[in-house]
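Welcome, and please have your viewer ready. This tour goes from one selection to the next, with a short note on what is there at each stop.

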Amino acid sequence: MIEGSIWRRWVFFRLPVAVFLIFLLFPFYWMIITTFRPDGELYRPWRAANYTPFWTWNPTTAHLKYLFGETTFMMWMWNTTFIAVVSTAISLVCGVLAGYALSRLNFKLAGLLGTVIFVTYLVPQTLLFIPLSEIINNYRIGDTPWALILTYPTFLIPFCTWLMMGYFKAIPKELEECARIDGASRWQAMLYIIIPVAVPGILSAMIFAFTLSWNEFIYALVFLSSPEQKTVPVGVVSELIRGDVFFWGPLMAGALLGSIPVAIAYSFFVEHYVSGLTGSVKG
Amino acid sequence: MATVTIRQVHKHYDDFHAVKGVSLDIKDHEFIVLVGPSGCGKTTTLRMVAGLESITEGQILIGNTVVNDLPPMDRDIAMVFQNYALYPHMSVYDNMAFGLKMRKFDRDEIRKRVENAAGILGITEHLMRKPRQLSGGQRQRVALGRAIVRNPQVFLFDEPLSNLDAKLRVQMRVELKKLHQRLATTSIYVTHDQVEAMTLGDRVVVMKDGIIQQVGEPLELYNNPANKYVAGFIGSPAMNFADVTVRESGSALFAEGPGLKIRIPEAIAARMGNLKDRPATLGIRPEDLRMAGDGDSPDITFDAVVEVAEQLGSEIILDVSAAGAQMVASVEPTVRVKPQQKIKLAVNSAGLRFFRADTEAAI
C-alpha cells in the first residue's frame, strides 16, 4: 500500500490500478455489448448521428438464438470440454509422476532429461502440426476428439512436469524421509505425504493445462474438419466468418460463452492456485 | 531398545570423502551425542544409521542385525529432524499416528499411544490442530511425540533444537534429558552446540573432517582432551592457546613464550623429557586463570593487557592480550579493571594442558 497523503494514493495507486483494469476488462465488455447489440446498430457507420459504440438501447438475444439454433455450438462446447478434461487428466498424471521422479529420485541424467523435456515444450506448434498430422492420418484418428486428446499432451506434459518439478523441489525432503522412517515405502510416502502437500501445485498445473487445451487453436484447426467435431475456438471462427463476412454478434456470443468455463475454473480454485504459484509450503 | 554398532564406516560422495572410517559402540539405553562443526560428517553418520544415506564401506548394526541394506522403514528407528518435518496437511494427532497406521496398529492401540505421548509432552489440547497453528516449541514436541509413540529401538536426533530461540532451547534441552531418563531409549543426537553435547550426552563423540577425534563422558572430554581440537571445542569460553618453547631451568621444566615463563607441573613434565628446547602449545582454560595476588610465585604468573571486560554478573570475562596471543580469563565479579590496564594473571597449575606442536595431540 502506498503511504502518505491522499493525492499520493490517488496518483500512484488508485489511478494506475483503474487504468490497468479498464485496459484489461475492456475486451470483455466489448464482447458482452456486441453479443446483445442488434445487427442494425452493429453495422451502423461511425459517422452516423446516433452512433453509440459503448452501449445499446435495444439489447437483443437474437445472436444467442442464432448461435444455439443455426450452428452446432452445443456440440463444440461438449467437444472442447471432453477434449480439455481428458487431455488435462492424462497430462497431470504423467506430469506429476515425471516431476516427482525428476526432482526426487537422484538418478543419472535426471538433469539432462529435465532439460530435454523442457526443450520439447519450446518446439513451436506451428512446426509440429505437420509431422503430427501425418501420424494422425496413419492412425486414422483424424477428425475425432482423439486426434487432439493425444496431441495436446505433447505440450501439456512438459509444461506440467516443469511446474510440478519446481513445486516438489520446494517441499522439504525431510517430510518424505520422515515418512519413510515412520514405515512408509517410497510409493506410500509419495501418495500419503508428498502429493497431498503438493495439491496447490497440482491445481495450478491443472488449471493451466485445462486453459491451454481449451484455448488451443492450430491443432484443432488442422486435425478436425467436420463442423460437429470442432472445438469452440475453431468452430466460432470457421463457421461464423464466411469469406470476408464477419457475423460479429454470434461470434462474440460464442467467444463470451466459450470463456465462461475457464473463468469459473479460475475463480473456483483461485486461492489454491495463487499459493501454488508462490510455492508456499510451511512445516 | 538396542545397541548400535558402527564398524569402520566410510561415506564417499562423488569426489568427497565425508566420513572416514568411523567406529563406535553405542550401549543399550545410552544417550550419545555426535558433535562437531558443520561438514564434519556427524549428520551423514546419523543418516547412514537411519538408512537415508547408503553406506559406502563398513557395517552398521542395530541390535545384532546388520542394517546396511535394510530400508529405513525396517530398521525400527525414529528420527527427529531439525525443521521438525511435520506433515503440514495432517492434524497433530494424525502426525503422531501416521507411523502406527503405516505399521497397521489397531485403532484403540493408536489412540492409547498417541494420547499417552501427548500427555507426557503436554500437547493434549493441541491434538486436533494443524502444525501451522502451533508455536516452534509445540511443533518440536509434536515431532518428539511422533518418535515416542512408535516405541522404537533407537531415537535419532538431527539438531532438533537449533530452530528454537535460546530460552526455549535450554528448556527443551532439560525436557529431552528428562524424557530420556524416563524412556531410556538408546539415542543418537547430532548437534554443533558443545553445550548441548555436554549437558545431554552420556558420552560425547567429537568429530572433525569425517574422523572421530575423541569419545568420552563429558567431563572426561573437558578434563582430558585428546588433542588441541577437542580442547578448543569443548568448554565455553574456549580454551586459550599459546605457542611456547619447553626449556629446562634448574631441576624443572618451564614453558616459555613472549612475556611468559610458567613452570610445568611435575606430573606433566615427566612426560615431556624429550621435548626439551622444542616448541609446544600451551592450553589454559579461562576458568583456570585469576588475578594474581601478592603471594603468587612468579612461576605461575604472567603479564597481560586488558582489552575488553565483559561483566556477566556471576563472573567477569576479560579479553586480554598476553604471551603474543589473545586470551580470555574468567575472573571474580569483584575485580575492577579498565581497558588498556596492565594486569598480572595467575594460572591454576593443575589446569595446564600441553599439546604437541606437530600432531596437536595432548601430551
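**Stop 1: a threonine in the sheet**

Select B:Thr5, which is found in strand β1 (residues 4-13) of chain B; strands here are DSSP runs of E with at least two residues, helices are runs of H or I with at least four, and both are numbered from the N terminus. This is a predicted model, in which local features need pLDDT of at least 70 and side-chain atom pairs count only at pLDDT 80 or more, while totals for chains, interfaces and linings use all residues. Residues are numbered from 1 along each chain as its sequence is written, chains are lettered from A and ligands numbered from 1 in the order in which they are written, and side-chain values use heavy atoms, with hydrogens and water left out.

Is B:Thr5 buried or exposed? Its relative accessibility is 13%, so B:Thr5 counts as buried (buried is under 20% relative accessible area, exposed over 50%, partly exposed in between, with a 1.4 Å probe and protein chains only). Now show what surrounds it: leaving aside neighbours within four places in sequence, B:Thr5 is in contact with B:Leu24, B:Asp25, B:Gln59, B:Ile60 and B:Leu61, where contact means heavy atoms within 4.5 Å.

Strand β4 (residues 57-62) of chain B pairs with β5(B) over two bridges in the antiparallel sense. To see one of these positions, pick B:Leu61, whose bridge partner in β5(B) is B:Val66.

**Stop 2**

Next, select strand β12 (residues 252-257) of chain B. Five of its six residues are buried, so the strand is largely enclosed by the rest of the structure.

On one side, five bridges join β12(B) to the antiparallel strand β11 (residues 240-249) of chain B, and B:Val246 stands opposite B:Ala255. The two strands form a hairpin with two residues between them, and B:Gly250 in the turn has a positive phi of about 65 degrees.

Then follow β12(B) to strand β13 (residues 260-263) of chain B: four bridges join this antiparallel pair. Here B:Glu256 stands opposite B:Lys261. This hairpin also has two residues between the strands, and B:Gly259 takes a positive phi near 75 degrees.

**Stop 3: where chain B meets chain A**

Show both chains. 25 residues of chain B are in contact with 20 residues of chain A. Together the chains bury about 2000 Å², 66% of it on carbon and sulfur atoms (buried area is the accessible area, with a 1.4 Å probe, that two parts lose on being put together, summed over both).

How many salt bridges cross the interface of chain B and chain A? The rule, a side-chain nitrogen of Lys or Arg within 4 Å of a carboxyl oxygen of Asp or Glu, finds two. Zoom in on B:Arg150, which forms a salt bridge with A:Asp182, their closest N and O atoms being 3.0 Å apart. Colour α1 (42-50), β6 (77-80), α2 (92-102) and α4 (136-149) of chain B: each supplies at least two residues of the side that touches chain A.

**Stop 4: zoom out**

Finally, view chain B whole: its secondary structure comes to nine helices and 20 strands. Of its 363 residues, 51% count as buried.

Note on methods. Two strands pair if DSSP finds at least two bridges between them.
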